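Q: I am new to this structure. Can you show me how to read its features, one at a time?

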Amino acid sequence: MLRWPWSVRHRAGDDVRTRVVPWAVASPLVVVGVVALLHRLVGGPPSLQTLLAALCGGIVSALLLLLLAVQSAERVDEEGRERQERLDAALRQALHDPLTDLGNRQLFTDRLQHALARRGSRGCAVLYLDLDGFKSVNDTHGHAAGDAVLIEVAQRLRAAVRPEDTVARFGGDEFAVLCEDLSDDLTASRIAERVVSSIADRPVTVGPDRALGITPSVGIALARDEGDASKLLRRADAALYRAKEGGKARSELFDERMQAQAVDASQTEVDLALAVEQGQLRLHYQPIVDLTDGHVQGVEALLRWQHPRRGLLHPGDFVPLAERTGLIVPIGQWVLREAWRTLSEWYAREGDDCGFTVSVNVSPRQLAGGQLLDAVSAEQPPGAAGDALLVEVSEELLVADANAGFSTLHALRMMGVRVGIDDFGRGVSSLSHLQTMPVDHVKVDRHFIAGLGQRRQDEAVVAGIIGMARSMGVGVIAEGVETPEQLGALRRMGCDAAQGFLLAHPGPVLDLDRALPEATTGMLHEVLDLARVDRAAQEPVLARDSAGN
């Protein structure tokens with residue numbers, strides 16, 4: 001199609017100009033010809049004056065036609081421009097993140113597929129990253145601060161990678177980088193190191209007088225022979241998870257070992273989804289011993305999985321996977337049902353003065369969601385058994401998500417459920433949070449118990465926790481007790497109770513009359529010097545009897 005020199009190429013109005021302008025230019029001559037023909041037919045040849053008048057009229061008509069054509073073309077151009085801008089905006093919105101202006105998952109996946117198709121002998125890699133502990137930024141400082149962090153991280157990512165690399169935000173605090181045309185495998189690792197440094201080395205300013213230290217974890221997946229974009233992303237995600245397990249603020253390269261673990265995790269996820277409905281889960285009970293008189297005051301319910309092929313699995317073999325996939329929620333509901341059933345049976349057999357408690361661990365997903373209170377109340381038995389459940393949460397979880405966690409724990413206590421803090425002492429502000437936590441007891445982390453008698457600093461930490469807890473009316477339980485020396489030290493410090501392999505191993509069935517083996521009972525009498533306690537308790541009675549005689 002003809003493009004007029006005064007028009008912008010590809011303008012929609014060119015069609016109007018192409019059709020109208022030639023007729024407008026030729027119209028004066030057409031008018032003169034028509035007038036001359038009519039005069040010839042009517043009364044002979046026209047005069048020069050008549051022809052000039054006809055020419056002037058044709059010129060005026062041509063100018064009017066040109067004016068209308070220009071106006072129509074401009075209007076069509078404007079409508080076309082607005083339509084194109086709307087299409088461009090819609091396309092950009094569909095392929096870009098509105099907050100950071102980075103590409104989104106769809107754009108990244110499309111470019112990754114093209115990169116895999118044309119890479120040839122050159123390398124290609126995907127960097128998958130997220131921000132460590134980003135949820136606490138939103139919870140503690142607000143979503144505006146979280147958005148400021150994401151925008152700043154996006155800018156630093158652009159600056160850290162090469163100009164030809166593609167940076168995208170997948171949602172939340174997850175980002176991805178596509179590195180093409182790599183000369184060797186080390187180039188991707190170097191880019192990942194620059195990414196970690198660009199974010200971790202400088203705090204992110206989120207207000208006039210507030211800056212936050214942010215660190216990323218990065219997973220790297222190199223494209224070998226495969227051309228599957230989704231598989232490469234899954235590998236990068238698996239490497240990211242390994243980087244977080246390794247301590248965060250670092251990068252990890254996917255290897256074949258991770259591939260085998262990813263396949264195993266995928267199969268485990270399928271099996272775990274069937275474990276609840278097929279009755280493969282078990283609860284094993286470990287006694288908690290009162291260090292005053294050596295009696296068993298309660299038990300901790302520990303989750304086990306009786307896998308049909310792999311045998312009895314401990315929580316470390318499947319709970320992290322359950323957390324990531326969300327399967328921990330139905331598993332946690334099953335644990336609560338079993339704990340209530342056990343309490344109902346014990347109290348029905350022993351009576352309301354039984355006094356036993358059952359402790360169950362609650363995961364971050366259970367505490368963060370709204371299902372925990374419903375799961376507790378759904379099976380809660382009446383009477384004393386309904387007041388004997390003890391829910392334990394990790395201190396790290398409460399510190400990271402204090403507001404939501406505290407409100408849920410307060411609600412549990414209103415329902416008659418006791419609350420404990422597990423792994424106490426590992427949090428960044430343990431003692432300062434203790435006075436505000438709605439708890440009945442704390443469990444000293446086994447790391448400090450293992451150091452009793454070996455490291456003075458561990459003894460100081462344990463003594464400090466016990467002293468602070470006792471001053472606030474909070475009970476203290478030591479977990480992971482494995483030697484008589486540890487038990488004796490805890491006794492001298494005034495610890496309330498203990499559990500561990502020294503006292504009893506977890507078992508599937510607990511007989512309340514024989515909760516502890518005979519060897520443990522004898523050892524308790526020796527370590528705790530219960531014979532002396534018994535004599536001291538009997539002396540006032542003997543004195544009264546002598547006075548009566």
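Q: In which hand does helix 5 pass helix 6?
A: This model is predicted, so read everything here as computed from it. Helix 5 crosses helix 6 in a right-handed manner. The residues that meet are Val153, Arg156, Leu157 and Ala160 from helix 5, and Arg194, Val195, Ser198 and Ile199 from helix 6. Sorted by class, this contact holds 5 nonpolar, 1 polar and 2 charged residues.

Q: What describes two packed helices?
A: The angle between their axes and the distance between the axes. Take helix 5, residues 143-160, and helix 6, residues 185-200. Their angle is about 140°, and their axes lie 9 Å apart. Angles over 145 degrees would count as roughly antiparallel. Helix 5 is therefore oblique to helix 6.

Q: At what angle do helix 4 and helix 5 cross?
A: At roughly 140°. Helix 4 covers residues 134-141, and its axis comes within 6 Å of the axis of helix 5. That makes helix 4 oblique to helix 5. On the helix 4 side, the contact uses Phe134, Val137, Asn138 and His141. On the helix 5 side, it uses His143, Ala145, Gly146, Val149 and Leu150. The classes here are 5 nonpolar, 4 polar and no charged.

Q: Now the cores. Which residues touch the most other members of the largest nonpolar core?
A: Val360, Leu389, Leu487 and Leu490 do, in a core of 75 residues. Helix 10, residues 328-350, supplies the largest share of this core, with 11 residues. Another core lies apart from it and has 33 residues, including Leu102, Ala192, Val196 and Leu222.

Q: What does valine 360 touch?
A: Leave out residues up to four places away in sequence. Valine 360 then touches Ala301, Val335, Leu336, Ala339, Leu389, Leu390, Val391 and Glu392.

Q: Which residues of helix 18 are buried?
A: Helix 18 spans residues 484-493. Gln486, Leu487, Gly488, Ala489 and Leu490 are buried there. After helix 18 comes glycine 494, with a positive phi near 90°.

Q: Let us turn to a loop. Is glutamine 280 buried or exposed?
A: Apply the cut-off: buried means under 20% relative accessible area. Glutamine 280 has 11%, so it is buried. Glutamine 280 sits in the loop between helix 8 (256-275) and strand 8 (281-290).

Q: What does glutamine 280 touch?
A: Again, skip residues up to four places away in sequence. Glutamine 280 touches Ala275, Arg304, Trp305, Gln306 and Pro308. Look at glutamine 306 in particular. It is 26 residues from glutamine 280 along the chain, yet their C-alpha atoms are separated by 5.2 Å.

Q: Now step back to the whole chain. How many helices and strands does the protein chain have?
A: The count is 20 helices and 16 strands. The protein chain has 549 residues, and 44% of them are buried.

Q: What share of the contacts joins residues 24 or more positions apart?
A: Consider contacts in the protein chain with a separation of 6 or more. Residues 24 or more positions apart account for 65% of them.

Note on methods: Residues are numbered from 1 along each chain as its sequence is written. This is a predicted model: local features need pLDDT of at least 70, side-chain atom pairs count only at pLDDT 80 or more; totals for chains, interfaces and linings use all residues. Side-chain values use heavy atoms; hydrogens and water are left out. Axes are lines fitted to C-alpha atoms, for helices over the stretch in contact, and angles run from 0 to 180 degrees between N-to-C directions. Helices (H or I, at least four residues) and strands (E, at least two) are DSSP runs, numbered from the N terminus. Angles under 35 degrees count as roughly parallel, over 145 as roughly antiparallel, 65 to 115 as roughly perpendicular and the rest as oblique. A crossing is left-handed if the near helix is turned anticlockwise from the far one by less than a right angle, and right-handed if clockwise. Contact means heavy atoms within 4.5 Å. Ala, Val, Leu, Ile, Met, Phe, Trp, Tyr, Cys and Pro count as nonpolar, Asp, Glu, Lys and Arg as charged, and the others, Gly among them, as polar. A nonpolar core is a set of buried Ala, Val, Leu, Ile, Met, Phe, Trp, Tyr and Cys residues joined through side-chain atoms within 4.5 Å. Buried means under 20% relative accessible area, exposed over 50%, partly exposed in between (1.4 Å probe, protein chains only).
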